[in-house]
Amino acid sequence: MGEEQFDTPREVEMVTFDTAFGKFGVFTCFDVLFHDPAVALVKDFHVNTILFPTAWMNVLPHLSAIEFHSAWAMGMGVNFVASNLHNPLRRMTGSGIYAPDFPRTFHYDMKTQEGKLLLSQLDSHPYRPTVNWTSYASSIEALWAGNQEFKGTVFFDEYIFVELKGITGNYTVCQKDLCCHLSYQMSEKRSDEVYALGAFDGLHTAEGRYHLQICTVLKCKTPDVQSCGGSVDTAATRFEMFSLSGTFGTQYVFPEVLLSEVQLAPREFQVTSDGRLLSLQPTSRPVLTVTLFGRLYDKDGVSNASPNLAAHSLRVLLILIIPVVYLLCCSA
């Protein structure tokens, strides 16, 4: 990603240490999106708590620091202690102490230059529930309801969307192997806000290369559905209830609920054993996004060339050819 300013170890190692409070693991920043070392520390080294220093640049709707880091703690069933730089000019903010059941404390501040010390209590050996992420979604019929699908872009990825047209409803949207199901009820259906259910199943290739399966409900940037997928940090619509599920092809799914002004929703939702992201009560703030963020690590290296990737390959090929042509011309 062009981060040559950072040192690279000659030999990659998994960093852990044991204490009376459980086993700790350490990794840094963007590593959280990949199997090694992030998942390996939990799965193979059986750590209880991750210590996570980071210079995380927030990317809405799905990769804001507090949003994704709290979701990772819940999805992996470990404590996650994240210390982010605080540099609002670079969109770097958002630290927290997250447990598998709910965020214990967090701080997100784009308005001041002041940092903050976070304190909380954690279980040294947190409970790790087992979730079958495709069970419920595979057992129900598609909830089509006469949907009109449209395409939208989220962080350079092309999603399939359907608009949520009523104050309550049941919807399904699919892309490739992933079908996403949603049941919901809004507190009101506002004319100035549009929400959509989206699905993405594919290889992300911008600022990193990793395979995603994502089911998401999000507020569109404007009432025009063509704006769906753009960065939004405020909303006015609260949800009385929601239930989101998908036919995921992975056990690594991270549940996100992000509210207006980029705030979390502790104790307001749960993940059921059959793979539903389910509200427990009406949301305390208006909703920005409700998301199941799936990672298919074994497909990261699969060649699934997008137009952008193909264009990049073509540019590289041209760069290699031009000097050869120049040399031939000069020799002639």
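Proline 37 lies in helix H1, which spans residues 35-43; helices (H or I, at least four residues) and strands (E, at least two) are DSSP runs, numbered from the N terminus. The peptide bond leading from aspartate 36 to proline 37 is cis, with omega near 10 degrees. The model is predicted, so local features need pLDDT of at least 70 and side-chain atom pairs count only at pLDDT 80 or more, while totals for chains, interfaces and linings use all residues. Residues are numbered from 1 along each chain as its sequence is written, and side-chain values use heavy atoms, with hydrogens and water left out.

**Backbone features**

- Most residues other than glycine have a negative phi, and most peptide bonds are trans.
- A cis peptide bond also runs from leucine 60 to proline 61, with omega near 15 degrees.
- Proline 61 is found in the loop between strand E3 (49-54) and helix H2 (65-76).
- Histidine 46, although not a glycine, has a positive phi of about 55 degrees, and it lies in the loop between H1 and E3.
- Lysine 176 is not a glycine either, yet its phi is positive, at about 55 degrees.
- The loop that holds lysine 176 lies between strand E9 (168-175) and strand E10 (178-186).

**The chain as a whole**

- The chain contains four helices and 17 strands.
- Of its 332 residues, 49% are buried; buried means under 20% relative accessible area, exposed over 50%, and partly exposed in between (1.4 Å probe, protein chains only).
- Lysine 176 counts as exposed because its relative accessibility is 58%.
- Cysteine 29 counts as buried because its relative accessible area is 19%.

**Disulfides**

- A search of the whole structure finds three disulfides, each being a pair of cysteine sulfur atoms within 2.5 Å.
- Cysteine 174 and cysteine 179 form one of them, with sulfur atoms 2.0 Å apart; this link is right-handed, with 110 degrees about the S-S bond.
- Cysteine 174 counts as buried at 19% relative accessibility, whereas cysteine 179 counts as partly exposed at 22%.
- Cysteine 180 and cysteine 215 are also joined, their sulfur atoms 2.0 Å apart, and the torsion about their S-S bond is about -80 degrees, so this disulfide is left-handed.
- Cysteine 180 lies in strand E10 and cysteine 215 in strand E12 (residues 210-219), so the pair ties together parts that are 35 residues apart in sequence.
- Cysteine 220 is joined to cysteine 228, with an S to S distance of 1.8 Å, and both cysteines are buried.
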